[in-house]
Amino acid sequence: MKIQQMAFMLIAVTLFFVIAGLFILVINFSGVKQSAKLIDEENALTLVSKIADSPEFSCGNAFDQPLTSCIDTDKVMALENHIQDYRNFWGISGLQIAWVYPNNSTLANTSCTTGNYPACGKITLIPTSNGTGVPNFVNLCRREIDNNSIPYNQCDLGKVIVVYNG
Amino acid sequence: MLNRKQKRGFLQIPFSWLFAIIVGAIIIFFAIYAAVKLIGTETTVSTAQTGSQISVLLNPLETSFGQEQVTTLSIPVESLLSNNCDNAGNFGSQQIVVSQMSGGKWTDTNIAPTSHNKYIFSNDSVEGKNFYLFSKPLELPFKVSDLIYLTSANDNYCFVSAPQPVQAELSNLKQGNVFTANCPSNSINVCFSQASKCDIVVNQNQLSVTKDGQTMYYETDALMYGAIFSSPDVYECQVQRLMERVNKLSMIYSDKENIISVKGCPVDTSLSADLLNIGQAATSVKTSADLINIASASDNADGENNMTSCRLW
């Protein structure tokens, strides 16, 4: 009888500690998930402010003078042909560039292709249907030719949106 | 004649006590085992988080227009940062594995975030609490990436007889562990001319750096610093990764040339040929000694790009 009581007591104590341990583990791992989400968010925030200086996007000296926070859209259209190679390159789940001003409302939702560029409103490099977007304003510059066949720089206001899982 | 009681053992422990002791011992064993495992998991999580945060901290080191940048990284406990470089895949990958001192030994964890867009030049492992990160863009002839040089604040580098531009650049950086004059006695000596007590020798005629008995070759100052601050195996791996990116960028510039040509903004045809040469030369680089193949194509392309009315970069 005494052994039976003790056995029940021991089982109860063991169960208590197992349940308490599992509770601690759940709280612990929810903290880890939260940290991972926070790190993804920080990555997106720091990346979006600097992605315009990345060589795949930056204007460099292509527009007669060095331009900062400037994305060369001619180069981005060229990058679109090679985007499969860059799929996991920046560690983000989505990437889009959109024109803000001058804003042609009829073109705003038109995605750029080699056929319609530059008569379009956005370039979706890495498409995604979910996640959180972090935008940053940038200059969007390209080369154009005037009626006298003289090349000139066309720079507009745009934004780059980096999407992370969160 | 001994009676029944006298026949029993010296220790007369009731069975209920014996049962309690055995089961109690098993419970305590499992509790200790679980606690040790939990501490191990916590340590792994902590080092992985530190590794991820370091990776995030490197994003702002992206430079524009040749602006070198220095930043410091402080970790609350003595840490060992291991630089794992892998050149497999499209752009290769980079991991900084953080090990922290626990119970008198380094925690052994291989969990670290992988980044494909960073090129960190350092020794195989760097130890300390405070670290310096210095970044400089590599241009061959277009910007390829920002190279990040990671050193421990415990290691002082003394640049002996460095050429004036290098001295000026390093002095402007004001990086606490890099000296061009009045070097501390325990410094790692980086010699640009024949001298005694050289740990690292830079030969500017051959464009080579000799370190740990091995010779690494470079093009541009950005790769020279890479060879100075990193282990030969890390350097060779990063060069391979950079060449993969040069190849991809040359293809992107080739496509950009087509896009602007259609608009009526023609680019010199010899520039197209040079871009093709740069891509081929980058693909053929197996070791840093092959970097010389890319140099002439790079110089030609840069000259032609500067002369054309529709520049590619």
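1. In chain B, strand E10 and strand E11 (residues 200-203) run parallel and are joined by two bridges. Two strands are taken to pair if DSSP finds at least two bridges between them; helices (H or I, at least four residues) and strands (E, at least two) are DSSP runs, numbered from the N terminus. Opposite B:Val190 stands B:Ile200 of E11(B).

2. This is a predicted model, in which local features need pLDDT of at least 70 and side-chain atom pairs count only at pLDDT 80 or more, while totals for chains, interfaces and linings use all residues. Residues are numbered from 1 along each chain as its sequence is written, with chains lettered from A and ligands numbered from 1 in the order in which they are written.

3. E10(B) (residues 188-191) also pairs with E8(B), in the parallel sense, over four bridges. Here B:Asn189 of E10(B) stands opposite B:Cys158. B:Cys158 has a bridge partner in E9(B) too, namely B:Phe179. Strand E8 (residues 157-160) and E9 of chain B pair in the parallel sense over two bridges.

4. The sheet is open, with six strands in the order E9-E8-E10-E11-E12-E13 (chain B) and mixed pairing. Because E9 (178-179) and E13 (214-217) of chain B stand at the edges with a single partner strand each, one side of each has no neighbour in the sheet.

5. The contact between the chains takes 42 residues from chain A and 44 from chain B (C-beta atoms, placed from the backbone, within 7 Å). On the chain B side, H2(B) gives the most, with 13 residues.

Methods: Contact = placed C-beta atoms within 7 Å.
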